[in-house]
Amino acid sequence: YRKLSGGLQHNVKLSEFSRFLYSAEGGGFLGKKDQMHFADFHHFNTSNVLVNLKSPFTSFMLLDNYTASTNNYWIKGEFNYNSNYILLKRLPFLQGKLFTESLHLKTLYTSEMKPYSEIGYSINITGLLNFGTFASFKKTKYQDFGIRVLFDLESTKRAFR
């Protein structure tokens, strides 16, 4: 078999207080796929636990590990809006506090999942600690809701680039 994939990501600064991050990726397997070992499938960044070390920007928060893994094709999109003033900071008693807020939309389309999407809202404190609420949908039907506490170790990698 051969695996072919590609994608793009971009971080757009909208103002001094907000930015829009997006990425798109797609790919597939060519040739004989019928005898592929599961370890060779394409796996996605998932973490369906209450407290975890993943990033709300690049992970599916409510998708069970390996349920979306594929040996066929995939298309994935991630859209994140990060700002100092989305919802909570508009309250006068929270305006001076040091945290940011984010809105998330992630979607995944494979031959087995047509499509899976998550929306979410998170609060980032100190650049590493996030609290978020997320909802998931299969096709357009509501599937699940969850609250997550995230220690975003991936952000430390981004900070040193």
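Tyr1, Phe29, Phe44 and Trp74 are joined into a cluster by ring pairs, where rings of Phe, Tyr and Trp (its six-membered ring) pair if their centres lie within 6.5 Å. The model is predicted, and local features need pLDDT of at least 70, side-chain atom pairs count only at pLDDT 80 or more, and totals for chains, interfaces and linings use all residues. Residues are numbered from 1 along each chain as its sequence is written, and side-chain values use heavy atoms, with hydrogens and water left out.

Over the whole structure the search finds 10 aromatic pairs. One of them is edge-to-face (planes over 60 degrees apart, against under 30 for stacked and the rest for tilted), because the rings of Phe17 and Tyr85 have planes at 80 degrees, with centres 5.6 Å apart. This pair links distant parts of the chain, 68 residues apart: Phe17 lies in the loop between strand E1 (2–13) and strand E2 (18–30), and Tyr85 in the loop between strand E4 (73–83) and strand E5 (100–110); strands are DSSP runs of at least two residues, numbered from the N terminus. With relative accessible areas of 45% for Phe17 and 31% for Tyr85, each counts as partly exposed (between buried, under 20%, and exposed, over 50%, with a 1.4 Å probe and protein chains only).

Phe38 and Phe41 form a tilted pair, 5.1 Å centre to centre with 55 degrees between the planes; Phe38 is partly exposed at 38%, whereas Phe41 is buried at 18%.

Returning to Tyr85, the charged end of Lys89 sits over its ring, 5.7 Å from the centre, a term that requires NZ of Lys or CZ of Arg within 6 Å of the ring centre and within 35 degrees of the ring normal. Lys89 also lies over the face of Phe99, at 4.9 Å from the ring centre.

How values were computed: Helix = DSSP H or I, 4+ residues; strand = E, 2+ residues; numbered from the N terminus.
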